[in-house]
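Please walk through the model below, from its strands to its rings and cavities.

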Amino acid sequence: MKKSTLAIILGGGQGSRLYPLTQSRSKPAVPIAGKYRLVDIPISNCINSDIKRMFVLTQFNSASLNQHIKNTYHFSHFSTAFVDILAAEQTPDNPTWFQGTADAVRQCMNHFLNHEFDYALILSGDQLYQMDFNEMVDAHQKSGASISIATLPVTAKEAPEFGILKTDSENFITSFIEKPNASLLPEWTSEVSEESKAEGKHYLASMGIYIFNRKLLIDLMSNPDTKDFGKEIIPQAIGKEKILSYQYEGYWTDIGNIDSFFEANLGLTDEIPKFNLFDNSSKIYTRARVLPPSKITGSSMIDKSVVAEGCIINGTSIEHSVVGIRSRIGKGSKISNSYLMGNDFYQNLDEIRDNIQHNIINIGIGERCEINNTIVDKNCRIGNDVKLNGGTHLEDTNNELYTVKDGIIVIKKGATLPDGFAI
């Protein structure tokens with residue numbers, strides 16, 4: 001059964017809502033939880049479900065994503081497993097870039113059809129969740145559906161952000177509306193579990209996770225006028241095809257903007273996080289780096305935080321924060337409610353000494369800094385006595401060094417903040 005499923009992971013568009021994290025990388029390549037990339041989530045879910053033939057479709061800033069996948073996902077020479085990147089390409093038949101989710105799949109169909117498969121599992125590259133796709137494929141097979149959509153109970157506040165649907169008594173979808181106005185919601189309640197009802201979740205939202213039967217996918221992709229699954233393909237198929245709602249009730253979040261990205265990362269510091277990185281049966285895979293353990297010296301205090309490997313932390317206070325690989329934090333600095341993405345390399349001792357002599361700021365966080373409500377992207381050089389205090393008191397802004405969105409300060413990748421810099 002698993003051999004009959006081919007996974008197609010959509011890399012997303014320009015990722016403008018995640019800017020500046022997507023300034024020089026595609027959305028699936030954005031670092032998450034201090035050591036992973038967003039694309040590791042759907043790929044790991046596939047591997048854990050024993051679905052090991054995967055295509056990742058991308059078109060924006062794909063160099064770092066290509067590098068990550070090339071360096072990470074190596075399978076046995078004797079297996080049929082692969083993770084291949086398909087970047088948008090101009091051909092004599094199609095001179096345009098991807099125009100939407102369905103158009104991306106259409107433009108790559110010739111690559112998919114080189115493989116045998118009964119079912120195409122279509123996933124998003126920017127969601128955080130742990131899901132056994134075998135259960136969804138089983139439900140799809142048993143129901144005799146030609147399309148299945150993973151659905152999630154949501155509240156009235158969340159519903160206008162999603163495609164909302166209604167089902168019959170056999171869980172087949174009877175109607176669908178994309179991002180409904182709040183005034184329409186009373187007509188769109190669905191039957192959900194008692195637990196979901198207790199949480200005020202009365203609406204079924206599409207998670208953007210689909211299964212299509214091979215023949216139907218080929219037929220649907222033959223129409224070049226339909227560009228998007230959520231806006232066109234699914235609504236147009238209702239009433240014509242058997243479309244199953246596969247209800248999922250675990251943790252799931254769409255990493256659509258800086259706020260949701262920030263919240264998802266800091267949520268990993270909870271005593272029992274909703275997204276479980278410590279689950280033996282649902283491991284998250286990523287590039288295997290040969291890094292030393294983190295070194296913590298002086299009177300450092302670390303509470304309710306996640307610290308990745310290879311960090312050097314000196315006499316620091318870290319609270320409710322995620323500290324990424326190879327982070328260096330100087331004496332007397334205080335980090336709170338923040339995500340430090342870490343660094344791609346170490347500076348050697350000679351380079352560090354030479355920089356200090358010539359008043360050049362080293363990579364990492366300097367001494368006596370105070371960083372709160374902030375995302376520090378990779379390879380930043382933060383001087384001594386820098387004060388970054390994010391919050392609702394700050395207006396949205398964007399400049400060469402940093403962006404402020406929804407009160408969250410984002411220091412741009414590779415930025416240098418001089419001694420005494422303050423926001």
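Seven strands form an open sheet in the order β16-β19-β22-β25-β30-β29-β28, and the pairing is mixed. At its edges are β16 (306-307) and β28 (397-398), each of which pairs on one side only. Strands here are DSSP runs of E with at least two residues, helices are runs of H or I with at least four, and both are numbered from the N terminus. Two strands pair if DSSP finds at least two bridges between them. This is a predicted model, in which local features need pLDDT of at least 70 and side-chain atom pairs count only at pLDDT 80 or more, while totals for chains, interfaces and linings use all residues. Residues are numbered from 1 along each chain as its sequence is written, and side-chain values use heavy atoms, with hydrogens and water left out.

Within the sheet, β19 (residues 322-323) and β22 (residues 339-340) run parallel and are joined by two bridges. Val322 is placed opposite Tyr339 of β22.

An antiparallel pairing is found between β9 (residues 163-167) and β10 (residues 173-178), with five bridges. Here Lys166 faces Ser175 of β10. Five residues lie between the strands of this hairpin, and Asn171 takes a positive phi near 70°.

The whole structure holds 10 aromatic pairs, counted when ring centres of Phe, Tyr or Trp (its six-membered ring) lie within 6.5 Å; planes under 30 degrees apart are stacked, over 60 edge-to-face, and the rest tilted. Phe162 and Trp252 make a tilted pair, with 5.8 Å between centres and 50° between planes. Because Phe162 lies in the loop between β8 (147-155) and β9, and Trp252 in strand β13 (residues 252-254), the pair ties together parts 90 residues apart in sequence. Phe162 counts as buried at 16% relative accessibility, as does Trp252 at 10%. Buried means under 20% relative accessible area, exposed over 50%, and partly exposed in between (1.4 Å probe, protein chains only). Elsewhere, ring pairs link Phe55, Phe82 and Phe112 into a cluster.

Asp279 sits in the loop between α9 (258-267) and β14 (295-297). Its relative accessibility of 25% makes Asp279 partly exposed.

The largest cavity is lined by residues including Arg328, Leu340, Met341 and Asp377. A cavity is a set of points on a 1 Å grid over the protein atoms alone where a 1.4 Å probe fits but cannot get out, and lining residues have an atom within 4 Å of a point.

Terms used: On a 1 Å grid over the protein atoms alone, a cavity is a set of points where a 1.4 Å probe fits but cannot get out, and a pocket is an open set with protein on both sides within 12 Å along at least five of seven lines; lining residues have an atom within 4 Å of a point.
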